Amino acid sequence: MILRTDRGQSAAVHRTGRLAFALTAAGIFAVGVPGLAAQEASASPARQQHTYGCEVINVDMPNQPAHVDVTAAMRMDVPDRVRPGETITLTGAFSVQLPEAIRVPFAAYFPSAQVVSGDLTIPVTVGGQTTLLALSRFDTGAVSTAANPLVFSGTVSSDPFTVPDGASGDLAVGMPADGSVPAAVGSGDAAFNATLHATGGLVPGYDEGTDKISCTSGGAAPVLATVPLAAESPDGPAAAPVAAPVAAAAPPQPGSAAAPAA
């Protein structure tokens, strides 16, 4: 059984142009998106990335869908351990990056773009029960497309989660996974939805555009972090177990398709 917190809501879509026409003309939808690194943090955050298959439609041309593979990265600050009955809130960042093959024609046409999502969730599993924790609204703000690499990043925080009384073992935090939200594009469910809005296009009448995006994880998304549960004995708290290190994605070789952004 999967439970769900209720903060996540689908982002509103604004009808303002024909971005998909401009991007398709540039040939970008045939190109996969390489890996990227999440934002830095002063703590010891858990990091993970995953490639999602995304369906895209322009709001003014809904009958011309396109598919693109997008690699998203997440960084989340997690505790070294938690106890049954303890309430935690997770904070971190979410990022997506346009690959160079897309960035060049995109930047040549649109000087500014923004990505928002109002329904990001992360699965938290304890004792075989998964709860979908809603994240705060993801909003990158306006990003200059002259940036190289072109990364859309924003901070996120989760709804509070209370570890069930009597729980034992581990608490697992995952990346957004299939079945989390109704797909905004196409049918069925998605891992997450997003909206891409670009402004300043060169051609009058095509100077702004909004795309709706629905992304699926293609099965189980990777685990972001595993946190041990500290048991309590009748005589008081037991010695805290040592947290297993969270493995970050192995850094790809420079120039490879999965090379993370700086």
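## A friendly note on this predicted model

1. **A charged pair.** Let's start with Asp77, which is partly exposed because its relative accessible area is 24%, between the 20% under which a residue is buried and the 50% over which it is exposed (1.4 Å probe, protein chains only). Which residue does the side chain of Asp77 meet in a salt bridge? The partner is Arg75, at 3.6 Å from N to O. A salt bridge here is a side-chain nitrogen of Lys or Arg within 4 Å of a carboxyl oxygen of Asp or Glu. Arg75 has a relative accessible area of 7%, so Arg75 counts as buried. By this rule the count comes to one salt bridge.

2. **How to read the model.** This is a predicted model, in which local features need pLDDT of at least 70, side-chain atom pairs count only at pLDDT 80 or more, and totals for chains, interfaces and linings use all residues. Residues are numbered from 1 along each chain as its sequence is written, and side-chain values use heavy atoms, with hydrogens and water left out.

3. **Confidence.** The pLDDT (the predictor's confidence in each residue, from 0 to 100) averages 77 over the chain, and 71% of the residues score at least 70. Residues 8–43 have a pLDDT below 50, yet this stretch has 123 contacts in the model beyond near neighbours in sequence. A contact means heavy atoms within 4.5 Å. Residues 233–262 also stay under 50 in pLDDT, and there the model has 43 contacts beyond four places in sequence. Please keep both stretches in mind as you look around.

4. **The overall picture.** The chain has two helices and 20 strands, taken as DSSP runs numbered from the N terminus (helices are H or I with at least four residues, strands are E with at least two). Of its 262 residues, 47% count as buried. When contacts between residues at least 6 apart in sequence are taken, 73% join residues at least 24 apart.

5. **The nonpolar core.** How many residues are in the largest nonpolar core? There are 52, and Tyr52, Met76, Phe94 and Leu171 have the most contacts inside this core. Strand E3 (residues 61–77) gives the most to the core, with five residues. Such a core is a set of buried Ala, Val, Leu, Ile, Met, Phe, Trp, Tyr and Cys residues joined through side-chain atoms within 4.5 Å. In soluble globular proteins, nonpolar side chains tend to be buried together.

6. **Aromatic rings.** The whole structure holds four aromatic pairs. One of them joins Phe94 and Phe138, edge-to-face, with 5.3 Å from centre to centre and 85° between the planes. This pair links distant parts of the chain, as Phe94 sits in strand E5 (residues 91–98) and Phe138 in strand E9 (residues 138–139), 44 residues apart. Why is the pair of Tyr109 and Phe110 edge-to-face? Their planes are at 75° and the ring centres 4.6 Å apart, so that name applies.

7. **Around Phe152.** Phe152 lies in strand E11 and has a relative accessible area of 2%, so Phe152 is buried. Although Phe152 and Phe94 are 58 residues apart along the chain, their C-alpha atoms are separated by 8.5 Å. Beyond neighbours within four places in sequence, Phe152 touches several residues, including Phe94, Phe138, Val115 and Leu98.

8. **A cis bond and a loop.** The peptide bond joining Asn148 and Pro149 is cis, with omega about 5°. Pro149 lies in the loop between strand E10 (143–144) and strand E11 (150–157). Another loop, between strand E12 (161–162) and strand E13 (170–174), holds Gly169. Is Gly169 buried or partly exposed? Gly169 is partly exposed, because its relative accessible area is 41%. Leaving aside neighbours within four places in sequence, Gly169 is in contact with Pro228 and Leu229.

Terms used. Rings of Phe, Tyr and Trp (its six-membered ring) pair if their centres lie within 6.5 Å; planes under 30 degrees apart count as stacked, over 60 as edge-to-face and the rest as tilted.
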